Amino acid sequence: MRRWVYWVLVLVLAAGLAAVPALAQQKVITFGFPVDYTRVYVFVAEEWTQGMVDYLTLMNLKGGVGGYTFDWRVVDTGNEPQRGIEAYERFRREGATIFNFISTPVSNAVAPRAMEDGVILLMPFHGRSDAADGQTFPWLFSLGANYWSQATVIVQHILEAEGGNLRGKRIGLVHIDSPFGREPIPVLEELSRRLGFEFQSFAFPSPGTEQSATWAQVRRFRPDWVLLWSAGPSQSVGVREAIRNGFPLDRLVSVIWLDEKDMNIVGAAQARGVKRFEAAVPGREHPVVQEILQKVYQEAGKGFGKIENVGSTYYVVGIASVAPVVEAVRIAVERFGEPVTVDKIRAALEMVSNFDLNGLMPPITITPQDHEGGGMGRISQWDGSRWVPVTDWMSAFRDVVWEMVYKSSAQFRQGQ
Amino acid sequence: MAAGTGAAPATAGVPAGDVILNCTSLVRRFGGLTAVDRVSLSLREGEILAVIGPNGSGKTTLINLITGFYKPQEGRIVFAGQDITRLRPHTIARLGVARTFQNLALFSGMSVLDNILLGRHIHMRSNLLSTALYWWWGVHEEERHRRAVEEVIDLLQLEAVRHEPVELLPIGVRRRVELARALAARPRLLVLDEPMAGMNQEEKEYMARFILDARDELGTSVLLIEHHMDVVMDISDRVVVLNYGVQIAEGLPQEIMNHPAVIAAYLGERRFDGPRH
Amino acid sequence: MFYRECGVRHTTYAADRALAVIPFERALLVLLIVLAAAAPWIVTDLFLVSYLTPWLIWTAAVLGLNLLMGWAGQIHLGYGAVMAVGAYTAVHVARAGAPFVVAVAAGGLVAAVIGSLFGLPALRVRGLYLAMSTLALQVIVDWILVQVPAISGGAQATLLVPRPHIFGIPLVTDQARYWTAAVFTLLVALFVANVRRTDVGRALIALREKDYAAAVIGINVFYYKALAFFVSSFIGGMSGAALAFLYYRAVTPEQFGLNVSIMAVAMVIVGGLGSIIGSFFGAGFILLAPIWIEHGLRELAAALSVHISPSTLAHLPLVIYGGLITGFLLLEPLGLAKLYDNVRNYLRVWPFGYTKK
């Protein structure tokens, strides 16, 4: 019995040691997706990764891009920087040149290495918000509205909804007590100075499953609008608290991390009216999603995960976070010729212009200065069964966002 | 009457040393119970003083007062001219008082050697720096004390078990190790709390011999708590008898044996064969 | 067998006190040190960067915690916080312009002072109460790191670690970082081994075993408990700084959170309380087993062409890993060090098994 245990251990460890890195094949671009399947980002990791991988599979099934096909490595990091670094070092040696960790702590921990090693690090909707500054972070790409941009887009929506005047209005921010939760505060403070609304922030302690005390304070503030700034299980708790406190849900606007799962937890019908920032079009109507369903799932049977996930909010975010890279590979082949190297992909990423994947995502234009791509998004509203857009793709108050970006990236340069 | 193994110090009378320990009317109460009630005693250098008494007579409380575990509510303890009444146990140990425990207090997980080396603790001038600079500094200190410990090992015949973990040893040997640890400190006063508890006749005789050796060769004064009266009568110079915390007799072993109050205290038991349970 | 002691006679106290008493073990030790020094030429740089370097630094940290938990017998649930204090202090000191060695020492010192402060309750309480007090340290440090951008490095809570130099030589290559980590861990291990065989170490174990008996032989229990916290926090702080400089290269609060503290405790227990070699085993097992189990499963699944969903593949190693820890502790509650010891004892007397101690 005891021997049996030893043998299993020895076998498993030996198999792990024997894992010889696959030789880099010809004309393959390899992605590394060491993501957090098991700890903090559980709520998003599965669908997001599935979206990324399915899109890459679709590209492969269609014969690749410019003669190049895509490969990927996926592993769990448990949101631990140590395991993220291990996976990064391993995948990099197996030929991976483009990474997405879907985890702020792991991304931030790996960033200095990626910049030293010349590896592209994608940080859409996580990681360093100041990665928008392409001059300071040539190897980091936000590829989507960072949290500061999301705050400005939400305020822009409020401004329009209030008829262009926010003077004397009250806007509250209910956020998780973490660096992520506090990130929009300086932007909102600046906007309150500019637009004349009254702003107050209300923090609830992590993990945010208990927010009643915070919402009691919110009620005393009597806000006209409330911004919800958290992620994961605490989001549905926040919506429920808003309902309990009688707050009108069409004046509750969430950061990007609110999806149909959260709505179902609250109760799909009760949650009607809740708004959120949106960075890609959910649902199965879009031609790209249709194509994935048909070619990847039905014909090839190569879907990376459960078919039910296809088209979910975070699934399309996954598509939106690799599609610009695929586009960059196309540009690289076209403009720089073969062989496509990571340097060429990086340079080509900075040439991606007005790319919106046929309307699946807001148009992004990446330049050597701007790795965020314009910071666009829209507001959508839960109608009881699905998310309905209430605005067009838009961006706003870019000067405020860039001021934040440059202030933060300057701090980073100090330490270099 | 078997403990005598040749030398008969018991009949030698009071040795002519200076007074090393002087307790004056010590009182210690626990709630309503007075465990030690105005006990006074003094001990001279090189003397073996036995404190006897039935169970619960306050013997162990008395030595807990002397070694600093309890503070007396009244009275004074002077050791080697210094008032130690309010000092903490480790400070009292530094002044030269060593003791053993009735229930043994060896450090398991350590070898016999390490246990006895710990007895040298108060003499060691070692600290973190000497440890960090072990090869230049710490090693010399360690070896110097190892030498001293080997003398004690020799005296108590523990050579064979030197490297054994203490928890694997039989109780008789463990008592010897604990005595060795106490002696390694080269104390001026050795306090032994029932060192023969749980031993057979032969082991008791050995232990008696070791106590006499310690006194004779190292010049240690000994305060001995026992209720095996047979051994006590043979090796002690003077005897103090406690009953219910009160000192009921003091004198030479011969006088004590015939003291009516002592006989009364041990009522119902045959004279001096020791109480049976 | 190899560990044969026949004919080995010690004629001096020095020989009897040697770190490795058995000739074979001495040779093994020398061989291991030579192998460690030559590692950059033996193993792939992936192995060097991702496994050896963090494993060695974590071992140093575990040695520090083992000194406190294994010898002094004081539980500590905030060791990650101690490492955080060391790392953040060292990085800030280095950013202010101090050399690497000074920065690491400063990190150790500040961590030692703060760690000792939170060890003060140990003078009065023990067990669960001490666990609570050290847990408080963790919570407070976590909170400060999250709340004070000046310490944690701005809104992004990431602080870039300056490039370390040793005597003017920049440590840029993976090899240089590895060697620095190896020397650091060797020094810590030697120090801890020396603590064990001198008076300080004996005193620590004494107060773990029976504090009243320790007092009666002249050990100042308060002083030595405080000393244990000081030394262990000093080592922990330096290890945290070493992790930041030689491995992470950027510090974030998550690198030293509560889960890290618990991981450190697991390393001590799985490796073996109070064992130096066990600290190496424990750190290695806890750090690397989950990764290697995942590799193993992946390869196994690929070899048998079984499709496992990525989410299952992510959770399965955790189950196996948890099972292994439980299994090991059931098999040998004294940890991996005891397993090694069993083998060693077997070989020492082989083939005369009946003389086994």
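Hi everyone. Two residues count as being in contact when their C-beta atoms, placed from the backbone, lie within 7 Å. With that in hand, let's look at the chains, remembering that this is a predicted model. By that rule, chain A and chain B have no contact with each other, and their closest C-alpha atoms lie 27 Å apart. There are 2 pairs of chains in contact, and the pair sharing the most contacts is chains A and C.

Let's start with chain A. How is chain A divided? Domain 1 takes in 25-145 + 283-376, while domain 2 takes in 147-278 + 379-397. Taken over C-alpha atoms, the centres of these two domains of chain A are 28 Å apart. Where the domains of chain A meet, 15 residues of domain 1 are in contact with 15 residues of domain 2. On the domain 1 side, those residues are 7 nonpolar, 7 polar and 1 charged.

Chain A also has an open sheet for us to look at. Its 5 strands pair in parallel, and reading across the sheet of chain A you get β2-β1-β3-β4-β5. The edges belong to β2 (69-76) and β5 (140-141) of chain A; each has a single partner strand, so one side of each has no neighbour in the sheet.

Now please find helix α14 of chain A, residues 398-414. From first C-alpha to last, the 17 residues of α14(A) reach 24 Å, close to the 24 Å expected at 1.5 Å a residue. Which residues of α14(A) are buried? They are A:Val400, A:Val401, A:Met404, A:Val405, A:Ser408, A:Ser409 and A:Phe412. The spacing makes sense: an α-helix has 3.6 residues a turn, so residues three or four places apart point the same way. The other side of α14(A) has exposed residues, namely A:Asp399, A:Arg413 and A:Gln414. And what do the buried residues of α14(A) pack against? Their partners are α5 (147-161) and α7 (185-195) of chain A, together with β1 (159-160) of chain C.

Over to chain B, and strand β9, residues 238-243. In β9(B), 5 of the 6 residues are buried, so the strand is largely enclosed by the rest of the structure. β9(B) pairs in the parallel sense with β3 (residues 48-52) of chain B, over 4 bridges, and B:Leu49 stands opposite B:Arg238. β9(B) also runs antiparallel to β10 (residues 246-251) of chain B, with 5 bridges joining them. In that pairing B:Asn243 faces B:Val246 of β10(B). β9(B) and β10(B) make a hairpin with 2 residues between them, and in the turn B:Tyr244 has a positive phi of about 50°.

Last stop: where chain C meets chain B. Here 24 residues of chain C are in contact with 32 residues of chain B. On the chain C side, α1 (13-16), α8 (174-196), α9 (199-209) and α10 (211-216) each supply at least two residues. Which of these helices gives the most? That is α9(C), with 7 residues. By class, the side of chain C touching chain B has 15 nonpolar, 4 polar and 5 charged residues.

Key. Residues numbered from 1 in each chain as written. Chains lettered and ligands numbered in written order. Predicted model: local features only at pLDDT ≥ 70, side-chain atom pairs only at ≥ 80, totals over all residues. Domains from an automatic or database assignment. Nonpolar A, V, L, I, M, F, W, Y, C, P; charged D, E, K, R; others polar. Pairing = 2+ DSSP bridges. Expected span 1.5 Å × (residues − 1). Buried ≥ 20, exposed ≤ 12 C-beta atoms within 10 Å, placed from the backbone.
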